[in-house]
Amino acid sequence: MEFEVELRWKTPQEWVDAVLADLPSFLQDHADCERKASSMAMSFIAKCPDRVEMIPELIEIALEELVHFKLVYEVMDSKGIALPKQLESDNYIAQLIKKCRSGLNERLLDRMVVASIVEARGAERFRMVAENIEDVDLKKFYDMLWKSEFKHSDVFLRLALSYWPRETIHQRLNYFLDEEAIICKSLPFRAALH
Ligand SMILES: [Fe+2]
Ligand SMILES: [Fe+2]
């Protein structure tokens with residue numbers, strides 16, 4: 001790993017308790033997060049087709065997130081849980097995006113740093129699910145997932161190294177880690193990833 005993304009606020013046990021109290025809602029939200037993660041990787045490509053150094057790995061991430069979506073959907077299907085018609089908006093992501101600067105170059109770096117931190121938060125929380133859930137198959141599933149998301153958190157920052165100095169990336173990472181901790185801490189616990 002090139003960068004160690006160390007979150008500055010630890011998710012408390014109350015979050016995983018809320019998730020396990022309503023697993024169907026959590027799975028619905030989780031599926032949606034995977035679908036959005038896949039589209040987000042593809043949208044980086046759509047916005048910056050000239051940044052050829054990062055295209056192959058962005059395609060890989062989009063594919064991996066799509067596989068995650070497929071796997072969550074299969075779990076839902078086996079339990080008779082439908083995809084949600086409508087979900088509450090994801091305030092966590094919306095607030096982080098609001099903190100991104102405007103200007104093509106600055107915004108791209110900020111969005112990549114945010115993507116990296118969101119992956120790290122996903123990894124932290126999927127790991128908590130893996131450690132707390134009793135269902136053996138889901139335990140294995142979330143154990144596989146958190147490791148995959150943890151790797152993604154590094155990929156976005158490593159890709160940024162092709163275009164920005166390490167020091168600049170570290171500055172933005174430092175800024176967003178503080179902001180993310182404040183945002184994450186302020187949100188109520190619900191049976192959702194964020
Ligand atoms: Fe994922
Ligand atoms: Fe991911």
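With which residues is Leu187 in contact, leaving aside its neighbours within four places in sequence? Leu187 is in contact with Asn91, Tyr92 and His194, two residues being in contact if their C-beta atoms, placed from the backbone, lie within 7 Å.

## Basis of the description

This is a predicted model, in which local features need pLDDT of at least 70 and side-chain atom pairs count only at pLDDT 80 or more, whereas totals for chains, interfaces and linings use all residues. Residues are numbered from 1 along each chain as its sequence is written, and chains are lettered from A and ligands numbered from 1 in the order in which they are written.

Leu187 lies in the segment after helix 7 (166-186); helices (H or I, at least four residues) and strands (E, at least two) are DSSP runs, numbered from the N terminus. Leu187 counts as partly exposed because it has 14 C-beta neighbours inside 10 Å. A residue is buried if 20 or more other C-beta atoms lie within 10 Å of its own, exposed if 12 or fewer, and partly exposed in between, with C-beta atoms placed from the backbone. From Leu187 to Tyr92 the C-alpha to C-alpha distance is 7.6 Å, although the two are 95 residues apart in sequence.

Asn91, one of the contacts of Leu187, belongs to helix 4 (residues 91-98). Asn91 has 13 C-beta neighbours inside 10 Å and therefore counts as partly exposed. Asn91 and Arg172 are 81 residues apart in sequence, and their C-alpha atoms are 21 Å apart in space.

## Helix 1 and its cover

Helix 1 (residues 13-21) has Trp15, Val16 and Val19 as its buried residues. Viewed down the axis of helix 1, these residues fall within an arc of 90°, so they line one face of the helix; the arc is that of the directions from the helix axis to the C-beta atoms. An α-helix has 3.6 residues a turn, so residues three or four places apart point the same way. The face of helix 1 turned away from the buried side carries the exposed residues Gln13, Glu14, Asp17 and Ala21. Helix 2 and helix 5 (104-132) are included in what covers the buried residues of helix 1.

Helix 1 packs on helix 5 at an angle of about 65°, with the axes 10 Å apart. Axes are lines fitted to C-alpha atoms, for helices over the stretch in contact, and angles run from 0 to 180 degrees between N-to-C directions. The crossing of helix 1 and helix 5 is right-handed; a crossing is left-handed if the near helix is turned anticlockwise from the far one by less than a right angle, and right-handed if clockwise. Trp15, Val16, Val19 and Leu20 of helix 1 make the contact with Arg125, Met128, Val129 and Asn132 of helix 5. By class, this contact has six nonpolar, one polar and one charged residues, where Ala, Val, Leu, Ile, Met, Phe, Trp, Tyr, Cys and Pro count as nonpolar, Asp, Glu, Lys and Arg as charged, and the others, Gly among them, as polar.

## Helix 3 between two partners

Helix 2 (residues 23-47) and helix 3 (residues 55-78) pack at an angle of about 165°, with their axes 8 Å apart. These helices are therefore roughly antiparallel to each other, a term for angles over 145 degrees. Helix 2 passes helix 3 in a left-handed crossing. Among the residues that make the contact are Leu27, Ala31, Ser38 and Phe44 of helix 2, and Ile55, Leu58, Phe69 and Val75 of helix 3. The contact of helix 2 with helix 3 comprises 17 nonpolar, three polar and three charged residues.

Helix 3 also packs with helix 6 (residues 136-160), at an angle of about 160° and with the axes 11 Å apart. Helix 3 and helix 6 are therefore roughly antiparallel, and their crossing is left-handed. The contact involves Glu57, Ile61, Glu64, His68, Leu71 and Val75 of helix 3, together with Phe141, Leu145, Ser148, His152, Val155 and Leu159 of helix 6. Its residues divide into seven nonpolar, three polar and two charged.

Val75 lies in helix 3 and, with 17 C-beta neighbours inside 10 Å, counts as partly exposed. Leaving aside neighbours within four places in sequence, Val75 is in contact with Leu27 and Phe141. The C-alpha atoms of Val75 and Phe141 are separated by 9.7 Å, and the two residues are 66 residues apart along the chain.

Asp110 is found in helix 5 and counts as buried, because it has 20 C-beta neighbours inside 10 Å. Not counting residues up to four places away in sequence, Asp110 touches Cys100, Arg101 and Arg172.

Methods
Angles under 35 degrees count as roughly parallel, over 145 as roughly antiparallel, 65 to 115 as roughly perpendicular and the rest as oblique.
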